[in-house]
Amino acid sequence: MKILLASSEIAPFAKTGGLADVCAALPVALEQLGHEVTVVMPAFRSALQYDRQLRKTDFQLSIPIKSQTLHAEVLGSSLPDSNVKLLLVDYPPYFDRQGLYRDEHQDYPDNCERFTFFSRAVVQLLTQLPGTIDILHCNDWQTGLIPAFLKLESNNASRFQSLASLFTIHNLAYQGLFSQHDMPATGLDWKFFNWRQMEYYGKLNLLKTGIVFADGLNTVSPTYALEIQTPELGCGLDGVLRERSHLLEGILNGIDHRAWNPRTDPHLFCNYDSENWREGKAKGKSALQETVGLPAAPESPLIGVIGRLSAQKGWDILTPVIERWANTREVQWVILGTGDPHFQRKLEALARNYPQRVAVRLEFSEACAHQIEAAADLFLMPSHYEPCGLNQLYSLRYGTVPVVRQTGGLADTVVNTTAETLATERANGFSFRDATTVALEETLDRASQMYQRQPNAWRQLVATGMAQDWSWERSAQAYERLYKKILSEKRHDL
Ligand code: ADP
């Protein structure tokens, strides 16, 4: 198949979260299955800075936005260590800015226009790329208009009859919600601004637009695919999703085994594998303790936490537990995150008050993330919701036992330790259901007790996790099946 994947984030060119990791790794895995894949993203400043060798291509784009026609160039590169072509839509007034979506104070006021522009550029590229594209794979709200442009604009609908669009929801909470005054920027007729299509309580909703008009729909884990159809986790779109539930699939993300391999990871203080993880992790632990200023404590559990400082990640139930444990237990914490200043202040205070027990790094550091994954004994993710989650998969690969809330992809990947799951060798971590400090504390207690008192059981948990296959190859095969399905349904309907 010929596949065009459109995303605003592709690692390492531009990244704010897991979306970037997925859109970098999936295309490479699809290419290895024999498909021809091109990826397209905006030429953000971070991408221009990452790859200074970007070359100009012959593609020329003329994009109508409001009453003007804007001209853009397209730069070319490839994804690292692959033949996957990367195209970057280059329009500096929109994309050569400090942040992807916001400056340090607020979202850019012209975000709707910027991503309308990008979406129109992707559709126009379809007409210029050699050969016929079978699948246009769109990701999250930034590309939500693409399926609408394909379906609603008559010249596109006839021209791209045999192309099927897939829309992947990576996080339902980010919807690309704009004022109705932005509707004219999309260039679509006002008649589509209604509650069944593009409108959401008087606002323009680009994620909903993608959900409504795509030929196929998926999210990034089977449990999240069910959860988002409920009022609790549906973020107001559960009704729309229930209506399209016959299309909605859940495909777990994979992890990039080249970047996340403890045997070869260049960021680690000491490389290791499933044979010598005890020594490798012990060395990594003492080196990390020294680096972040914690006292050496080889026998105490070291708990790692990495993630955006946003309410989603459960910092509200976690910070009281850190405080209580810092006062009462021989346990150390190493925390890496950026985001909400409210949580930043809380974490800074914890690090200041308990320097022997709590180390906090408020930065985005790829190296530090790898070092924590390798050095920690337990990795904690008490998320309120988690579409897939990547860190628990990295933890499993690195022999770091995950402790997670049973939600979304965490529920699909972490098997809670019980007498039964241990006996059947399925246990690979610990999980809890209620989003409360009590449930979190009880589960962390179980986990740290096992770490300290049952070394054989612990060894088994680590071995089970390290032996599991979370590769992209598995996920790419599931996407391949889904592409084939939506393509045959689309062509059957012709
Ligand atoms: P989300 O997409 O909700 O942020 P995921 O677990 O799916 O969560 O992916 C987060 C990705 O971003 C992981 O690769 C994680 O290691 C990385 N990450 C998050 N915060 C940081 C940070 N402060 N420094 C380095 N990497 C980070």
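A polar contact is a pair of N or O atoms within 3.5 Å; within protein, one must be able to donate a hydrogen and the other to accept it, and residues adjacent in sequence count only if both atoms are side-chain atoms. This is a predicted model, where local features need pLDDT of at least 70, side-chain atom pairs count only at pLDDT 80 or more, and totals for chains, interfaces and linings use all residues. Residues are numbered from 1 along each chain as its sequence is written, and side-chain values use heavy atoms, with hydrogens and water left out.

**Exercise 1. Find the domains and describe how they meet.**

Step 1. Domain 1 brings 19 residues to the contact and domain 2 brings 18 residues (contact: heavy atoms within 4.5 Å).

Step 2. Take the buried area, the accessible area (1.4 Å probe) that two parts lose on being put together, summed over both. For domain 1 and domain 2 it is about 1,400 Å², with 57% on carbon and sulfur atoms.

**Exercise 2. Characterise the interface of domain 1 and domain 2.**

Step 1. Count polar contacts. Eight residue pairs qualify across the interface, both residues at pLDDT 80 or more.

Step 2. Look at the side of domain 1 that touches domain 2. Here α1 (18–32) and α9 (222–227) each supply at least two residues. The largest share, four residues, comes from α9. Helices (H or I, at least four residues) and strands (E, at least two) are DSSP runs, numbered from the N terminus.

**Exercise 3. Locate two backbone features.**

Step 1. Start with the peptide bond between Ala11 and Pro12. It is cis, with omega about 0 degrees. Pro12 sits in the loop between β1 (2–6) and α1.

Step 2. Turn to Asp81, in the loop between β4 (68–78) and β5 (85–90). Asp81 has a positive phi, near 55 degrees, though it is not glycine.

Step 3. Most residues other than glycine have a negative phi, and most peptide bonds are trans.

**Exercise 4. Describe the whole chain.**

Step 1. Count the secondary structure: 20 helices and 18 strands.

Step 2. Box the C-alpha atoms along the principal axes: roughly 70 × 45 × 45 Å.
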